[in-house]
Amino acid sequence: MSTLFDPDEPTDSRPMIVHDGPAGFPSTLGANNAAPPAGFVPGGASAGGLPGGGAWAGGDSLLDGLNPEQREAVEYRGPALLIVAGAGSGKTRVLTHRIAGLIGSREAWPSQILAITFTNKAAAEMRERVEQLLGQASSGMWISTFHSACVRILRAEAERAGLSSSFTIYDSADSRNVIKRIIKELSADTLGFTAAGVSNKISKLKNELADVDSYARNANLNDPQEVMFVEIFRQYTKRLRAAQALDFDDLLAETVFLFRAFPATAALYQRRFRHILVDEYQDTNHAQYSFIKELTRPIEPHVVAELDTAGHHVRSLQDATGAIPGASLTVVGDSDQSIYAFRGADIRNIVEFERDYPGAKVVLLEQNYRSTQNILSAANAVISNNFDRKDKKLWTAIGDGAKIIGYTGYSGHDEAQFIADEIEKLRGEGVAYRDIAVFYRTNAQTRALEEIFVRSAVPYRVVGGTKFYERAEIKDAMAYLIAVANPADELALRRILNTPKRGIGPATETQLASFAEANGISFRQAMRDAGSLGMGPKVTGAIVKLARLLDEAALMLDPAQRSSDSAAGVSSVSEVLGFLLTESTLLETLRSSRDPQDETRAENVEELLAQTKDFVKENPDAGLIDFLTQVSLVAAADDLDDSSGTVSLMTLHTAKGLEYDSVFLTGIEEGLLPHQMSASEPGGPAEERRLFYVGITRARKRLYLSLAMTRAQFGETNVAMPSRYLQEIPGDLIEWRQSPGMANSRGGTQPRALNARRDGYGSRGSSGSDRFGGELPPAPKPKTEWANKVTAQVRDNGDLTLEAGDRIRHVDFGEGRVNQVTGEGTKRVAHVQFDTAGAKKLLIKIAPIEKL
DNA sequence: AGGAAGATGTTTTTT
DNA sequence: ACATCTTCCT
């Protein structure tokens with residue numbers, strides 16, 4: 001987060017560098033720095049810089065503890081470097097050391113470095129580690145995501161780009177709303193258009209840097225379907241522009257367009273960033289690729305001259321021809337971990353890097369420092385089934401480690417119970433909750449897990465999922481802020497128009513819109529002028545009042561206006577939000593509602609208010625726009641709090657780039673992994689395999705693979721088949737606690753069909769393990785004890801008191817004896833030794849138990 | 001205008 | 001199963 005507001009301002013206290021503007025080049029040197037940077041110095045580093053170094057980082061050489069390949073990746077100097085980094089091969093280490101080396105050896109100023117990461121969290125981590133290596137904070141580095149970097153550039157160059165610098169950023173839900181409205185107005189739904197479909201298509205096009213016009217030029221105008229799509233696209237573009245809004249894809253595309261249209265503007269950034277490093281390069285799409293391509297373009301002599309005349313310092317960077325050579329580019333990636341093709345990531349960007357940047361150096365990192373050999377062997381075996389890849393084998397010096405544990409549950413709930421039990425077992429062995437993670441393919445799978453975890457008193461955290469900022473009440477509150485920051489944003493205005501209810505219905509809304517249209521004024525202005533619309537006095541009053549409220553809030557933020565009455569200076573984001581929430585009665589309405597859910601909603605809004613206060617504290621110089629930007633660009637993985645002592649639950653996609661001691665990979669079933677939807681996509685199954693591979697390689701010491709025989713979806717319970725990928729793991733690596741073929745306890749449930757492999761995978765000698773070859777037995781009946789019963793009941797045992805020695809009966813586990821009771825109030829937990837089911841922990845308040 | 005009951009679709013992944 | 005959207009009723 002701090003990366004979005006990294007201290008790049010002249011107000012920064014450190015004397016090292018003085019900046020000269022948004023694209024500031026270190027034009028003036030601090031007194032303590034004698035040597036100016038001169039772009040990269042080939043060979044300079046190894047000669048006098050790094051190895052002997054230690055001058056800058058508390059004496060620790062940057063190369064200590066690196067293997068030869070890693071060293072090479074840190075030390076190499078040249079225009080282009082590709083680091084092919086297998087999972088867990090220490091690429092973050094290499095990147096941070098490389099950056100620290102560039103800065104520490106004075107080859108580059110921090111401000112000449114642009115490092116792109118996949119998430120804000122990764123950016124923050126990288127910044128921290130670089131500063132740790134350097135032994136000091138280094139302002140001016142840009143370490144951020146593609147999107148954050150583009151926002152920063154676009155806000156700085158807004159005028160050039162034809163935008164307001166306070167443009168709003170629409171998330172996918174916002175753009176879908178706009179599209180939905182357009183579809184409705186054009187009655188395009190009769191042609192089979194859906195908001196989601198159109199939104200996806202537009203997103204894909206923008207990722208390819210197409211816009212309406214370029215698309216329309218090549219469109220087949222005899223196809224009514226196509227004509228309609230073009231019309232929707234056109235409307236969408238028009239509305240976003242009118243609202244001074246950009247969607248996620250625009251952020252990149254507009255930046256690229258800006259660079260291409262204004263070479264001199266681009267040159268400011270080309271000149272500034274002499275070293276560009278991109279992480280997760282395999283997941284870049286065409287727009288991102290182009291962004292990097294533009295930034296690393298050499299600056300033509302005539303543009304250099306232009307800059308020079310404009311007073312920029314460029315002479316020192318010129319080569320013999322008068323041009324400024326392109327920045328040096330380092331990309332890191334692993335094509336085996338490419339999992340975002342579905343949203344336009346183009347694996348060719350990394351595969352063809354050498355062709356793209358002739359003379360590029362390639363370094364391969366294959367030694368893994370994360371996982372045990374058993375885990376790596378499984379990963380290697382799986383991924384080797386993807387043809388069309390460079391063979392690459394991860395290896396480790398760590399040793400074999402524990403076997404992979406396999407488990408087949410009767411249902412998703414059974415699977416979840418197994419995981420909860422195993423987590424407790426691990427806990428008993430001294431593994432902390434925070435070192436455990438549970439991965440799944442789809443968010444829907446969290447339900448069963450959460451239910452069981454709550455019951456079993458396993459502390460957990462869902463990373464991502466339904467995000468805080470996507471909640472309706474938060475979007476409402478945010479819409480107030482957006483309306484203040486960007487009066488042109490009609491979407492925000494319409495959203496708050498009748499939230500909370502103030503008697504302004506859809507009819508009134510339409511009247512306002514057409515009034516604005518007819519008079520060529522903004523929706524906001526139409527609200528101010530509502531008096532001349534001849535509506536009822538009550539409605540008119542409500543509209544005008546809202547408009548006035550927003551205007552007033554805007555004044556609170558405007559430094560020019562602070563002259564008169566209000567003694568205080570410019571108000572902070574939290575003050576403005578507090579004002580808006582109070583005056584609009586949004587918060588009060590939620591609090592006094594009789595809908596029980598509104599209580600939580602009110603709490604959420606208050607949480608947002610608290611967050612703005614934190615934000616103001618951490619970023620004293622940042623304004624409303626900065627806050628809105630930050631909120632727009634937070635990702636699922638960003639809010640992961642490492643310090644919390646909880647088990648982490650997340651999707652396989654979110655898991656990329658993370659690692660845990662113990663990993664549970666759940667739902668390894670056909671239809672789920674690989675997912676049903678991927679079957680029709682061209683590279684689908686291969687991408688799903690990479691996803692599986694990514695999941696496996698997150699584990700350091702222990703890996704659990706679990707699946708269920710039946711899984712509930714769409715309210716129906718369906719039979720699930722083991723994933724084809726399971727067979728790709730050599731049997732001797734897995735120890736099946738309950739194998740896919742032997743889940744027949746309890747009076748002999750039928751053995752079930754696998755994808756018919758006679759040698760079975762892994763079933764270790766237990767009875768019935770090899771009975772499933774060939775035949776296709778009927779689907780097993782869901783075990784009644786589990787099937788969908790957990791959801792049915794919302795239990796509340798009230799103030800049931802238990803103490804050590806009590807005997808209880810549990811719906812699923814039978815009878816048992818309480819050994820211990822811990823915790824307080826509603827969180828009291830009973831530690832129970834069941835007669836047949838073993839030891840469990842139960843949350844007393846809600847567990848399906850009775851005292852005997 | 002606002003609320004309740006009924007209809008509908010949604011679940012692949014995300015900056 | 002659940003949430004959201006639509007339709008109908010007050």
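Strands are DSSP runs of E with at least two residues, and helices are runs of H or I with at least four, numbered from the N terminus. Two strands pair if DSSP finds at least two bridges between them. This is a predicted model, in which local features need pLDDT of at least 70 and side-chain atom pairs count only at pLDDT 80 or more, while totals for chains, interfaces and linings use all residues. Residues are numbered from 1 along each chain as its sequence is written, chains are lettered from A and ligands numbered from 1 in the order in which they are written, and side-chain values use heavy atoms, leaving out hydrogens and water.

View 1. Strand β20 (residues 807-810) runs antiparallel to strand β21 (residues 814-822), and four bridges join them. In this pair, I808 stands opposite G816 in β21. The hairpin of β21 and β22 has six residues between the strands, and G823 in the turn has a positive phi of about 85 degrees.

**View 2. An open sheet of six strands.** The strand order is β5-β4-β8-β9-β3-β10, with parallel pairing. At the edges lie β5 (142-145) and β10 (361-365), each of which pairs on one side only. On average, neighbouring strands of this sheet are turned by 15 degrees against each other, direction ignored; axes are lines fitted to C-alpha atoms, and angles run from 0 to 180 degrees between N-to-C directions. Strands of a sheet pair through backbone hydrogen bonds, either parallel or antiparallel.

**View 3. The pairing of β8 and β9.** Strand β8 (residues 275-278) and strand β9 (residues 328-333) run parallel and are joined by four bridges. H275 is placed opposite S328 in β9.

**View 4. Residues around DNA strand C.** An N or O atom in the side chain of K180 is 3.2 Å from a phosphate oxygen of DNA strand C; a polar contact is a pair of N or O atoms within 3.5 Å.

**View 5. Confidence along chain A.** The mean pLDDT (the predictor's confidence in each residue, from 0 to 100) of chain A is 80, and 84% of its residues reach 70 or more. Confidence is lowest in strand β1 (residues 17-18), with a mean of 30, and highest in β8, at 95. Residues 1-59 have pLDDT below 50, and this stretch has 128 contacts in the model beyond near neighbours in sequence, a contact meaning heavy atoms within 4.5 Å.

Technical notes:
A polar contact is a pair of N or O atoms within 3.5 Å; within protein, one must be able to donate a hydrogen and the other to accept it, and residues adjacent in sequence count only if both atoms are side-chain atoms.
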